[in-house]
Amino acid sequence: MGALPDPFLRRLFWLAALLALLDYAAAASEFNPYRVLGVSTHASQAEVKKAYKQLAREWHPDKNKDPGAEDMFIKITKSYEILSNEEKRANYDRFGQTDENQHHGQAPQGFRHFHDNFYFDQSFFHFTRSTRDFTDSKHLLHHDHYMKEVVPDSFKRPYLIKMTSEWCFTCIHIEPIWKETVQELEALGVGIGVVDIGYEKRLASHLGAHRTPSILGLINGKVTYFNYAISKEYLRQFVESLLPQRLVEKVTDDTYLQFLNGWREENKPRVLLFDAVPSVPLLYKLSAFAHQDFVRFGYVDQGLTETLRILQQFNINTYAPTMLLFKENTEKPADVIQSRGMKKQLIDEFVSNNRFLMVPRLVNQKLFDELCPVKQFHRRRKYCVLLITGEDEAFVPVNDAFFAFASANTKEVLRFTYVYQWQQQPLCDALLKKEDMTPPQVIILERRSTTGKVLYRTVKGGWNGSDEDKHRLHEQLELLQRDPSFLTYDAMLPELNNEFASMFIIQWANAAYDYLSEMYFDFLHSNWREMMPIVSLIFSALFILFGTVIIQAFSDSGEEKPAKQKANESPKTAESSPNAENTSSRPPKKNFVEVTELTDVTYTSNLVRLRPGHINVVLVLTDTSKQALLKKFAKEVYSFSGSQTLHYSFLNVDKHSQWMDSLLELAPSSRPRDEEEEESTPSSKWDYTGYVLALNGHKKYFCLFRPVFTGDEPDCSRSSDEDGGGSRARSRGSSRQRSASTRQIHHKLDRLSLWMERLTEGTLPRHYVSDWPDLKTISPQK
């Protein structure tokens, strides 16, 4: 090294070297893996592992709510990584170095050759990165990762990105808000990113970030900057503002038919979301954005009077959010899910299983690739049955006949589709030109390469939708599955036209608007300078000196106001609480038992497809006894409502009178002898009011509770599966002689809580059935 050009630079050099030495000493002394794990320097690997497991369980952030638990857990993990590796442990024992401070033993990169210039940057003063929050560490973005993965993924979900640096003291102040916001939005499906501009200058320059902290949003590859005060609510609103405006359409009684019939124009299934909140939840908007290429979403507010007809039309349970998916049939949903806590994973799985119509129209190349994939050797063959038709009214009967045939032939190897000739003229010409045919025609094809090569064959005789045409098509499909060489023609198909693509002028206008917006933003923000580290240091010092006093002053005044408000509001609460049940039109939020009605819509999800280990407790009632029995039922089972495996429903026998007879016939062991004798009499009809069933949909068995006597002495009779037949006969004879009043009928469930205890203990008799009876038949109202 040559002589220094100036005494001032020489002093500055030695001062910097001294600071680097002190930084190295501090880094080496502040972190001692032996001290962190509480073991000696001669501890064996077994002792190190035992100490690590014990401390990891104690300081895990999910179990330990201490504010410093996360940092301590990181130190414990890093200590174990060092001491469990012989090479790293030996390196630490000899030199006191870890992965964090190892570079201090090398020549500092902050100085270059003094003959060139005196160069100095923030990497000279090294601050250990182990103090970085774990939430930020797992979301760190790099330029290549951003360009190759994040930008393409932004067309499926929006991203919220934070710009930070290790010199940013202001960033520390927003960390609690950022962490809380990330936990909420990430669960809803929002992408999260963190960019350290000190290490990712290329990415920061690409994003146009000139200061820290900054927050920006990314959607459809476009960056939008957040320019408001950083709070959880504002960040949530910012993410919501990134999404397109008409992702989810509001649906009422007057518009739901128009919405469901839109499948023809848009070529997409329709999803109706039913919930009891006035605005569309962010979770639904994010799901609609993720699946907008395949499914159209609508939202029904259950609290509006304008939606009562649609709720009754589809028998919607207002106590839990519901999703109905419709395809070509707009009168009956193709699939249904219902859940008290809708999760993103549940919605994604539900929509992914129903992305296409029964007979979708080929409107672009992307959809063609999805529906008719290229043949691969490790997969089963898949054939595409294509109807070439038109949009005129003369083609409507032909198209409907093809839809009906496809609905009756849902084989895994076949995919039925159709195209309009004038929309996809090049494709139709390539398939019909050799045989000089005109629509409507049915063509069976198999794709052989991504370049467009296909093997195909046209169904002879054309397609008019007659029974003869259907029989001929069915025979040829059967022959094709036995002999793949049935496809005798080959062709090179052109790329399909995108029928939904915007016009060129509209595309040019949108591109020009985006370009001008970007230029305006660059002009507005390019002259902003980064805040100097010393300014951040000053503000941090001011916060430390005066922040505590200001916060304490505000907290004292805030504690006095709520105390006064509680004293003033307590009499009003006491007066209004008795009538709260009658005045609220919304379902209660807590301290209640959720009881849903078994209908043809909810029957499959609440019983037939009930998850293993779950039981549905069903109360049997009538229209006249509904109010009295439901109140008594809720009171008796309330102490068991905390169980996650018990669900509660009711069955109206005025609507489904034959279901109970069918169920008990499938399980003869559930009927006592005296009951069978009475049923043999034609004039007798059994009254099931007050019966309770515990249904295990997965194992196909049920437990039966029979109601107690509803006369003047309810305590003298007993019921359920374990009681004697004599008391039941006496109860049945008395119930037929007199009609129990509303005051007496609730006594039918007096012993239900004891029966529920035996149900949870698993000591009740079980009656097995081969299959659950159908619930679709509705009895006429009396």
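Buried means under 20% relative accessible area, exposed means over 50%, and partly exposed lies in between, with a 1.4 Å probe and protein chains only. With that in hand, let us work through some exercises.

The model is predicted, so local features need pLDDT of at least 70 and side-chain atom pairs count only at pLDDT 80 or more, while totals for chains, interfaces and linings use all residues. Residues are numbered from 1 along each chain as its sequence is written, and side-chain values use heavy atoms, with hydrogens and water left out.

**Exercise 1. The whole chain**

Task: Find how many helices and strands there are in the chain, and what percentage of its residues is buried.

Solution.
- Step 1: The chain has 29 helices and 20 strands; these are DSSP runs, with helices being H or I of at least four residues and strands E of at least two, numbered from the N terminus.
- Step 2: Of the 782 residues in the chain, 43% are buried.
- Step 3: Taking contacts in the chain between residues at least 6 apart in sequence, 73% join residues at least 24 apart. Contact here means heavy atoms within 4.5 Å.

**Exercise 2. The cysteines**

Task: Work out which cysteines a disulfide joins, and where in the chain they lie.

Solution.
- Step 1: Searching the whole structure gives 1 disulfide, defined as a pair of cysteine sulfur atoms within 2.5 Å.
- Step 2: Cys372 and Cys384 are the partners, with an S to S distance of 2.2 Å.
- Step 3: The pair links distant parts of the chain, 12 residues apart: Cys372 is in the loop between α16 (365-371) and β10 (383-389), and Cys384 is in strand β10.
- Step 4: Cys372 is buried at 5% relative accessibility, and Cys384 is buried at 1%.
- Step 5: Now look at two further cysteines. Cys428 has 1% relative accessibility and counts as buried, and Cys703 is buried with 4%.

**Exercise 3. Salt bridges**

Task: Find which residue forms a salt bridge with Glu184, and which residues are linked with Glu184 in a network.

Solution.
- Step 1: The structure holds 26 salt bridges, each a side-chain nitrogen of Lys or Arg within 4 Å of a carboxyl oxygen of Asp or Glu.
- Step 2: Glu184 meets Arg236 in one of them, at 2.2 Å from N to O. Glu184 belongs to helix α8 (residues 170-188) and Arg236 to helix α10 (residues 232-242), so the pair ties together parts 52 residues apart in sequence.
- Step 3: Both ends are partly exposed: Glu184 has a relative accessible area of 25% and Arg236 has 23%.
- Step 4: A network of salt bridges links Glu180, Glu184, Lys232 and Arg236.
- Step 5: Turn next to Asp254, which forms a salt bridge with Arg309, their closest N and O atoms being 3.8 Å apart. Asp254 sits in the loop between β5 (248-250) and α11 (256-260), and Arg309 in helix α14 (residues 308-313), 55 residues apart. Asp254 is exposed at 69% relative accessibility, whereas Arg309 is partly exposed at 43%.
- Step 6: Glu446 and Arg448 also meet in a salt bridge, at 3.6 Å from N to O. Glu446 is buried at 1%, while Arg448 is partly exposed at 35%.

**Exercise 4. A buried lysine**

Task: Locate Lys327 and find how far away the nearest side chain of opposite charge is.

Solution.
- Step 1: Lys327 is in the loop between β8 (322-326) and β9 (335-338).
- Step 2: Lys327 is buried yet has no salt bridge; Glu328, the nearest side chain of opposite charge, is 6.6 Å away. For charges, Lys and Arg count as positive and Asp and Glu as negative; His and the chain ends are not counted.
- Step 3: A polar atom of the Lys327 side chain lies 3.3 Å from the backbone oxygen of Phe356.
- Step 4: Leaving aside neighbours within four places in sequence, the contacts of Lys327 include Trp263, Pro269, Asn354 and Phe356.

**Exercise 5. The faces of a helix**

Task: Decide which residues of helix α25 are buried, and which exposed residues are on the face turned away from them.

Solution.
- Step 1: In α25 (residues 657-666), the buried residues are Trp659, Met660, Leu663 and Leu664.
- Step 2: Viewed down the axis of α25, its buried residues fall within an arc of 120°, so they line one face of the helix. The arc is that of the directions from the helix axis to the C-beta atoms.
- Step 3: The face turned away from the buried side carries the exposed residues Gln658 and Glu665.

How values were computed
Polar contact = N/O pair within 3.5 Å; in protein donor to acceptor, adjacent residues only side chain to side chain.
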